[in-house]
Amino acid sequence: MEALGARLAAVLRAGDLVVLTGPLGAGKTTLTRGLGAAMGARGQVSSPTFVLARTHPTARGVDLVHVDAYRLSDPVELDDLDLDWDGSVVVVEWGRGMVDGISADVLEVEIERASGAALPGDGAGGIDADDVDPDDVPDEPRHVVVRAVGPRWDGVTV
């Protein structure tokens, strides 16, 4: 997932919106971590679940804004975060249905984990699942579909 994030970073620029969809442990944060590394992001790219959004300045001069919409109940709450949609690369985890109307150009990334794959802490070895970052699971197959929507992506190979 980190390698995919790095590959996507090569085509992203200010104003791009990336929406990540997938279950817990699918690799959304891991993909964003790879994207951030390839962009030269400052600071640790980690899940913004409790802070909702983190802005990482990058070596490219374009901020990477990492948003977790999981705890948001309404798109208005996303708007209240006052994000720099035009001047940053904005990655929104759990963004399906939350970013409609923000941009006509969206890079949608849907990630599926192998069904039935156990996360650390799913009852083995006395590890509590609440203490485990679901993106820090062992390597396992993922099925990823990347869909580029809007004229921004015309002629761009993703």
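**How many salt bridges does the count come to?**

The model is a predicted one. The rule asks for a side-chain nitrogen of Lys or Arg within 4 Å of a carboxyl oxygen of Asp or Glu. By this rule the count comes to six salt bridges. The exercises below take up some of them, then turn to other features.

**Exercise 1. Work out which parts of the chain the Arg96–Glu110 pair ties together.**

Step 1. Check the contact. The closest N and O atoms of Arg96 and Glu110 are 2.8 Å apart, and the cut-off is 4 Å. The pair forms a salt bridge.

Step 2. Arg96 lies in the loop between E4 and strand E5 (106–113), and Glu110 lies in strand E5, so the bridge ties together parts 14 residues apart in sequence.

Step 3. Classify the cover. Arg96 has 54% relative accessibility and counts as exposed, because exposed means over 50%. Glu110, with a relative accessible area of 30%, is partly exposed.

**Exercise 2. Trace the salt-bridge network that includes Glu140.**

Step 1. Start from Arg113. Its salt bridge with Glu140 has its closest N and O atoms 2.7 Å apart. This pair links distant parts of the chain: Arg113 is in strand E5, while Glu140 is in the loop between E5 and strand E6 (142–149), 27 residues away.

Step 2. Move on from Glu140. Its side chain also meets that of Arg142 in a salt bridge, at 3.6 Å from N to O.

Step 3. Join the two. Salt bridges with shared partners connect Arg113, Glu140 and Arg142 in one network.

Step 4. Compare each relative accessible area with the cut-offs. Buried means under 20%, and partly exposed lies between that and the 50% limit. Arg113 has 16%, so Arg113 is buried. Glu140 has 21%, so Glu140 counts as partly exposed. Arg142 has 23%, so Arg142 is partly exposed.

**Exercise 3. Decide whether helix H2 is mostly covered or mostly open, and check its span.**

Step 1. The protein chain has three helices and six strands. Along the sequence they follow the pattern α-β-α-β-β-α-β-β-β.

Step 2. Check the span. H2 covers residues 28–39, twelve in number. From first C-alpha to last it reaches 17 Å, close to the 16 Å expected at 1.5 Å a residue.

Step 3. Count the buried residues. Nine of the twelve are buried, so H2 is mostly covered. They are Lys28, Thr29, Thr30, Leu31, Thr32, Gly34, Leu35, Gly36 and Met39.

Step 4. Of its 158 residues, 39% count as buried.

**Exercise 4. Find the members of the negative surface patch and look at two of them.**

Step 1. List the members. The patch is formed by Asp74, Asp79, Asp80, Asp82, Asp84 and Asp86.

Step 2. Take Asp86. Asp86 sits in the loop between helix H3 (75–79) and strand E4 (88–93). With 67% relative accessibility, Asp86 counts as exposed.

Step 3. Take Asp82. Asp82 is also in the loop between H3 and E4. Its relative accessibility is 70%, so Asp82 counts as exposed.

**Exercise 5. Find which residues other than glycine have a positive phi, taking Asp82 and Leu52.**

Step 1. Recall the background. Most residues other than glycine have a negative phi.

Step 2. Read the angles. Phi of Asp82 is near 55°, a positive value. Phi of Leu52 is near 75°, also positive.

Step 3. Leu52 is in the loop between H2 and strand E2 (53–56).

Notes. Residues numbered from 1 in each chain as written. Predicted model: local features only at pLDDT ≥ 70, side-chain atom pairs only at ≥ 80, totals over all residues. Heavy atoms only, no water. Patch = residues over 30% accessible without salt bridge, like charges linked within 9 Å, V, L, I, M, F, W, Y side chains within 5 Å. Areas by Shrake-Rupley, 256 points an atom, 1.4 Å probe, with all protein chains shown as cover. Lys, Arg positive; Asp, Glu negative; His and termini not counted. Charge placed at Lys NZ, Arg CZ, Asp CG, Glu CD. Helix = DSSP H or I, 4+ residues; strand = E, 2+ residues; numbered from the N terminus. Buried < 20%, exposed > 50% of the residue type's maximum accessible area, 1.4 Å probe, protein only. Expected span 1.5 Å × (residues − 1).
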